[in-house]
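Subject: Structure handover and notes

Dear colleague,

I am passing on the structure we spoke about, and my notes follow directly below it. Please read them with the coordinates open.

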Amino acid sequence: MRIVVVGAGSWGTAVARLAADAGHEVRLVCRTRSQADTIRATRRNAAYLPGVELPSAVTLTHLGAQGCLADGELVVLAVPSRAVRDAGAVVAADFPAGAGALSLTKGLDPVTGDFLSETWRNLLPPATPLCVLSGPNHAEEVGTRQPAAAVVAGDPDLGRRIQIGLSGPRFRLYLNDDLIGVELCGAAKNVIALAAGMSDGVGFGDNCKATLITRGLAEMTRLGRACGAREVTFRGLAGMGDLVATCTSVHSRNRRAGELIARGMAVDDVEGELGQVAEGLWTVRHLLALADRVGVELPISAEVEAVTFGGRPVPASLEALMTRAPSVEE
């Protein structure tokens with residue numbers, strides 16, 4: 001396939017290399033001309049994925065350049081949730097006729113709280129086939145060709161093309177027909193990862209983190225069930241798989257963001273320190289609003305919001321969780 005990857009952050013860069021390794025023609029569309037020029041000259045994205053060299057099969061351009069999406073058969077959308085609307089307007093104006101779209105962003109629309117697949121459907125030309133990709137996929141590992149797996153959900157025909165086109169010895173793709181569940185997993189796990197990072201930040205141990213992961217999965221599953229998703233999705237790669245990776249890895253921006261907040265860093269300064277977006281910070285309030293609409297309680301997510309935006313100390317939030325009314329494990 002002729003694949004165009006829009007967004008040269010860490011994950012977009014890693015997927016561009018992955019697609020090139022699979023034998024495709026790949027064009028990486030950067031946010032700015034200067035970013036494209038630098039990566040073209042060095043073959044490296046030092047700002048977001050240092051140490052990973054892009055093969056010659058990856059060409060560089062920038063968003064808004066004439067023909068930046070021309071002739072693409074698959075347009076991979078790898079922009080942060082807060083940039084979807086601005087980037088989407090440019091992408092839609094130049095979207096190749098007959099191409100499919102693959103969203104890599106894990107979160108909710110920061111303006112409306114909608115699933116991002118809905119936002120992309122409203123932005124892209126009518127009837128554009130759309131899929132999302134999710135799973136335990138740290139760019140730092142995929143970019144260096146370490147083994148990983150993921151799931152693709154959405155348009156079934158496009159999903160099969162992506163599965164066949166991107167799968168290989170180091171990257172395995174599964175199909176999943178539960179688009180709502182896959183997207184919800186990708187959004188909610190980032191919020192639980194903030195909680196795991198907060199636990200790390202105040203020095204709590206493995207027991208606490210394991211509890212947060214397990215009970216976090218329970219509240220994610222409750223929300224998914226209320227939204228019409230399948231429970232099995234939450235036990236799979238998009239759910240448990242990505243949750244474990246995001247809550248425990250040194251590569252996890254959301255875990256690190258929670259750690260920094262617990263250690264006293266102002267929320268407004270966190271992403272500057274990280275150098276990248278922590279989607280959980282943009283998701284937590286919309287996730288709680290969604291839960292309220294469908295009548296589901298998310299106690300861990302609520303405490304993350306209280307710490308992050310309400311100033312509650314992490315130990316006080318933990319005590320609030322630990323002293324909730326006794327209940328039966330789901």
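**Pockets**

Twenty residues line the second largest pocket, and those nearest its centre are Arg215, Pro299, Leu321, Arg324 and Ser327; a pocket here is an open set of points on a 1 Å grid over the protein atoms alone, where a 1.4 Å probe fits and protein lies on both sides within 12 Å along at least five of seven lines, and lining residues have an atom within 4 Å of a point. The elements giving two or more residues to this lining are α8, α14 and α15 (314-322), with α8 giving the most, seven residues. Helices are DSSP runs of H or I with at least four residues, and strands are runs of E with at least two, numbered from the N terminus.

This is a predicted model, in which local features need pLDDT of at least 70 and side-chain atom pairs count only at pLDDT 80 or more, while totals for chains, interfaces and linings use all residues. Residues are numbered from 1 along each chain as its sequence is written, and side-chain values use heavy atoms, with hydrogens and water left out.

The volume of the second largest pocket is about 540 Å³, whereas the largest pocket holds about 990 Å³; a volume is the space filled by probe spheres set on the grid points, which are joined across faces, edges and corners. The largest pocket is lined by 41 residues, of which Ala78, Pro80, Arg253, Gln276 and Val277 are the closest to its centre, and α1 contributes the most to that lining, with three residues.

**Helix α13**

Helix α13 covers residues 279-294 and reaches 22 Å from its first C-alpha to its last, close to the 22 Å expected, the expected span being 1.5 Å times one less than the number of residues. At Arg285, α13 bends by about 30 degrees, taken as the angle between axes fitted to the seven residues ending there and the seven starting there. Its buried residues (under 20% relative accessible area with a 1.4 Å probe, protein chains only; exposed is over 50% and partly exposed is in between) include Leu281, Val284, Leu287 and Leu290. Among the elements covering the buried residues of α13 are α7 (179-201) and α8 (206-226), and just after the helix Gly295 takes a positive phi of about 75 degrees.

Arg43, although not a glycine, has a positive phi of about 60 degrees; Arg43 is buried, at 18% relative accessible area. Arg145 likewise has a positive phi, of about 65 degrees, but is partly exposed at 35% relative accessibility.

Best wishes

Key. Contact means heavy atoms within 4.5 Å.
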